[in-house]
Amino acid sequence: MRFSVIIPCHNGAGRIRNVLESIVYQVFDDYEVIVVCDKCTDGTADFLRMYLDTWGKDDKLIECEHGNAGLARNEGLEVAKGEYILFADDDDYILHDYVFQEIDKIITSNE
């Protein structure tokens with residue numbers, strides 16, 4: 001697996017869909033998504049379970065109680081299988097569907 005995309009989330013049910021959809025529309029598909037739901041009390045974890053199940057990929061949802069985005073990212077790093085790690089926030093949006101492909105080209109040209 002080329003990339004692991006780690007997304008820490010705290011009560012982000014109303015905003016995380018945008019970043020997830022911008023990831024699923026990437027033309028490059030050698031990646032996994034790891035969402036770390038940190039102290040979510042608004043139904044975010046339930047939404048993510050349903051949403052990630054519809055993808056048909058082996059993406060992960062981790063629930064933790066840190067209350068700290070850095071520690072949540074570390075939880076994601078513990079299970080990441082990707083050769084490279086990409087981080088996103090729950091309110092991000094990837095504007096173009098070829099971003100992962102371009103990152104891979106840059107990495108490949110420098111290996």
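I start with aromatic pairs: rings of Phe, Tyr and Trp (its six-membered ring) pair if their centres lie within 6.5 Å, and planes under 30 degrees apart count as stacked, over 60 as edge-to-face and the rest as tilted. A search of the whole structure finds five aromatic pairs. In one of them, tyrosine 31 and phenylalanine 100, the ring centres are 5.5 Å apart and the planes stand at 80 degrees, so this pair is edge-to-face.

Before I go on, a word on the source. This is a predicted model, where local features need pLDDT of at least 70 and side-chain atom pairs count only at pLDDT 80 or more, while totals for chains, interfaces and linings use all residues. Residues are numbered from 1 along each chain as its sequence is written, and side-chain values use heavy atoms, with hydrogens and water left out.

Back to the pair. Helices (H or I, at least four residues) and strands (E, at least two) are DSSP runs, numbered from the N terminus. Tyrosine 31 is in strand β2 and phenylalanine 100 is in helix α4, residues 99-109, so the pair links parts of the chain that are 69 residues apart. Buried means under 20% relative accessible area, exposed over 50%, and partly exposed in between, with a 1.4 Å probe and protein chains only. Both tyrosine 31 and phenylalanine 100 are buried. They also belong to one aromatic cluster, formed by Phe3, Phe28, Tyr31, Tyr84 and Phe100.

Next, the sheet. Strands of a sheet pair through backbone hydrogen bonds, either parallel or antiparallel. Here, two strands count as paired if DSSP finds at least two bridges between them. What is the order of the four strands in the open sheet? The order is β3-β2-β1-β4, with parallel pairing. β3 (60-64) and β4 (84-87) stand at the edges with a single partner strand each, so one side of each has no neighbour in the sheet. Neighbouring strands are turned by 25 degrees against each other on average, direction ignored. For such angles, axes are lines fitted to C-alpha atoms, for helices over the stretch in contact, and angles run from 0 to 180 degrees between N-to-C directions.

Strand β1, residues 3-9, runs parallel to β4 and is joined to it by four bridges. Within that pairing, serine 4 stands opposite isoleucine 85 in β4. Helix α2 (residues 44-55) packs on the sheet and touches β1, β2 (31-38) and β3, where contact means heavy atoms within 4.5 Å. The direction of α2 makes about 165 degrees with that of β3.

Now the cysteines. A disulfide is a pair of cysteine sulfur atoms within 2.5 Å. Which cysteines does the disulfide join? Cysteine 37 is joined to cysteine 40, S to S 2.3 Å, and this is the one disulfide in the structure. The link is left-handed, with -130 degrees about the S-S bond. Cysteine 37 is buried, at 2% relative accessibility.

Cysteine 64 is in no disulfide, and its nearest cysteine sulfur, in cysteine 37, is 7.9 Å away.
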